[in-house]
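Here's a walk through a single protein chain, from its overall build down to a few side chains. Have a look at the sequence and the model first.

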Amino acid sequence: DDGGPLLHLAQYREQLLQAQALRPVHINVHSGSDRWGEAETDEFFAGALALERELGVAGAVSHETHRGRSLFTPFAALGMAFPTR
């Protein structure tokens with residue numbers, strides 16, 4: 001068990017706070033888990049986008065297509081609902 005979206009979001013918050021100390025221009029993230037279903041993936045990304053807005057890094061973060069992660073293939077993103085802002 002990978003701890004699910006809530007654990008990943010808690011870790012993501014800590015990692016974003018650490019990254020902010022370095023004043024990055026851009027933050028690249030390997031997000032989520034390829035083991036999650038649609039509901040868990042949606043929960044994580046909704047929380048991730050909210051964290052990014054809260055911490056002032058919205059628009060400076062990209063969630064990379066990467067093996068072992070939620071976006072393990074570009075086709076995994078086809079059914080996802082992304083907010084426009």
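Predicted model: local features only at pLDDT ≥ 70, side-chain atom pairs only at ≥ 80, totals over all residues.

Residues are numbered from 1 along each chain as its sequence is written, and side-chain values use heavy atoms, with hydrogens and water left out.

**Confidence and fold**

The protein chain has a mean pLDDT (the predictor's confidence in each residue, from 0 to 100) of 86, and 91% of its residues reach 70 or more. Its secondary structure comes to two helices and two strands; these are DSSP runs numbered from the N terminus, with helices being H or I of at least four residues and strands E of at least two. Reading from the N terminus, the order is α-β-α-β. Confidence is highest in helix 1 (residues 4–20), at a mean of 95, and lowest in strand 2 (residues 61–63), at 90.

How does the chain's radius of gyration agree with that of a compact globule? With 85 residues, such a globule would come out near 12 Å, and the protein chain has 12 Å, which agrees. That radius is taken over C-alpha atoms, and the globule rule is 2.2 Å times the number of residues to the power 0.38. Along its principal axes, the C-alpha trace spans about 35 × 30 × 20 Å. Taking contacts (heavy atoms within 4.5 Å) with a separation of 6 or more, 76% are between residues 24 or more positions apart.

Buried residues make up 34% of the 85, where buried means under 20% relative accessible area, exposed over 50%, and partly exposed in between (1.4 Å probe, protein chains only).

**The aromatic cluster**

Which residues do ring pairs link into a cluster? They are Tyr12, Trp36, Phe44 and Phe45. The rule pairs rings of Phe, Tyr and Trp (its six-membered ring) if their centres lie within 6.5 Å; planes under 30 degrees apart count as stacked, over 60 as edge-to-face and the rest as tilted. The count comes to three aromatic pairs. In one of them, Tyr12 and Phe44 have ring centres 6.2 Å apart and planes at 50°, so the pair is tilted. Tyr12 lies in helix 1 and Phe44 in helix 2, so this pair ties together parts that are 32 residues apart in sequence. Phe44 also pairs with Phe45, edge-to-face, at 5.2 Å centre to centre and 80° between the planes.

| Residue | Relative accessibility |
|---|---|
| Tyr12 | 4%, buried |
| Phe44 | 2%, buried |
| Phe45 | 6%, buried |
| Ser31 | 2%, buried |

**Two loop residues**

Ser31 sits in the loop between strand 1 (27–29) and helix 2 (38–54). Leaving out residues up to four places away in sequence, Ser31 touches Phe44, Phe45, His63, Arg69, Ser70 and Leu71. With the side chain of His63, the Ser31 side chain makes a polar contact at 2.4 Å. A polar contact is a pair of N or O atoms within 3.5 Å; within protein, one must be able to donate a hydrogen and the other to accept it, and residues adjacent in sequence count only if both atoms are side-chain atoms.

Is Arg23 buried or exposed? Arg23 is exposed, with a relative accessible area of 74%, and its place is in the loop between helix 1 and strand 1. Phi of Arg23 is near 55°, a positive value in a residue other than glycine. Most residues other than glycine have a negative phi.
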